[in-house]
Amino acid sequence: MKSDTIITISRQFASGGRSIGKKLAEILGIPYYDKELITMAARESGYNEEFFENAEEKSNSKFMYYLSSGLGNVSSWGTDMALDDKLFLIQADVIRKVAAKGSCIIIGRCADYVLANHPDCINIFIYSDINHRIERAKNDYHLKAPNLKEAILKSDKKRATYYNYYSDMKWGQKENYHLMLNSDSIGIDHSVELLKDYIEMIKD
């Protein structure tokens, strides 16, 4: 890559998106941010990491007002702002800060929306067949839910609710991404290679 590139990866649960992102970061030699963002946000804000990990997707009619007033401007939030909304803004500020440092890969957390105006941002969405996701959840993630399919779809719904609420876009809608990739069609490793070639094609 000849210039800084920020790669955001949104993904269905158990689609392999996290593994793809991590391997891609290693091949490209750039930082990888996933749960690291939670640690950074907690350190900067003073809130416990569990607050960020367990934040509920609650509706707050005042949120878009605060958003339009300026992300990260703590003094403008007000005491009546919902905690979940504050946590989102804190995390969004951290995302913008790591993107400002240079090339990196950011997993989830509405990063594509937060960085919508970033000129060097490439947005990827990873999806997968439900049967493959069930196998991955069972064999790779070692999940033991009574109904894995139901648990996977519930996780997807939570991600969609969070994304749809905090952005003005729809999670998984093709117009929001530069590339959507079915990880089952060519496997994890080949998906990494394909994304590497795609990114280099765009940036060179």
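Biologist: What is the mean pLDDT of the protein chain?
Modeller: The mean is 87, and 86% of the residues reach 70 or more. pLDDT is the predictor's confidence in each residue, from 0 to 100. This is a predicted model, so local features need pLDDT of at least 70 and side-chain atom pairs count only at 80 or more, while totals for chains, interfaces and linings use all residues. Residues are numbered from 1 along each chain as its sequence is written, and side-chain values use heavy atoms, with hydrogens and water left out.

Biologist: Where does pLDDT stay under 50?
Modeller: Over residues 56-77. The model has 39 contacts beyond four places in sequence for that stretch, a contact being heavy atoms within 4.5 Å.

Biologist: OK, how many helices and strands are there?
Modeller: The protein chain has 9 helices and 5 strands. Both are DSSP runs, numbered from the N terminus: helices are H or I with at least four residues, strands are E with at least two. From the N terminus on, the order is β-α-β-α-α-α-α-β-α-β-α-α-β-α.

Biologist: And what share of the residues counts as buried?
Modeller: 47% of the 204 residues. Buried means under 20% relative accessible area, exposed means over 50%, and partly exposed is in between, with a 1.4 Å probe and protein chains only.

Biologist: Let's talk strands. How many residues of E4 are buried?
Modeller: 6 of its 7, so strand E4, residues 121-127, is mostly covered.

Biologist: Which sense does E4 take with E1, parallel or antiparallel?
Modeller: E1 and E4 pair in the parallel sense over 6 bridges. Two strands pair if DSSP finds at least two bridges between them. Ile 7 has Ile 122 in E4 as its bridge partner.

Biologist: What about E4 and E5, how many bridges there?
Modeller: 4 bridges join E4 to strand E5 (residues 179-182), and these two run parallel. Ile 126 stands opposite Leu 181 in E5.

Biologist: Switching to helices. Which residues of H2 are buried?
Modeller: In H2, residues 36-45, the buried ones are Leu 37, Ile 38, Met 40, Ala 41 and Ala 42. They pack against strand E2 (32-33), helix H3 (49-53), helix H5 (83-101) and strand E3 (104-107). Just after H2, Gly 46 takes a positive phi of about 90°.

Biologist: How many aromatic pairs does the structure hold?
Modeller: It holds 7. Rings of Phe, Tyr and Trp (its six-membered ring) pair if their centres lie within 6.5 Å; planes under 30 degrees apart count as stacked, over 60 as edge-to-face and the rest as tilted. One of them is Phe 13 with Tyr 141: the centres are 5.8 Å apart and the planes are at 75°, so that pair is edge-to-face.

Biologist: Where do those two sit?
Modeller: Phe 13 is in the loop between strand E1 (6-11) and helix H1 (17-28), and Tyr 141 is in the loop between helix H7 (130-139) and helix H8 (148-166). They are 128 residues apart, so the pair links distant parts of the chain. Phe 13 is buried at 18% relative accessible area, while Tyr 141 is partly exposed at 30%.

Biologist: And why is the pair of Phe 88 and Tyr 162 edge-to-face?
Modeller: Because the planes are at 65°, with the ring centres 6.0 Å apart. Phe 88 belongs to helix H5 and Tyr 162 to helix H8, 74 residues apart. Phe 88 is buried at 2% relative accessible area, and Tyr 162 is buried at 16%.
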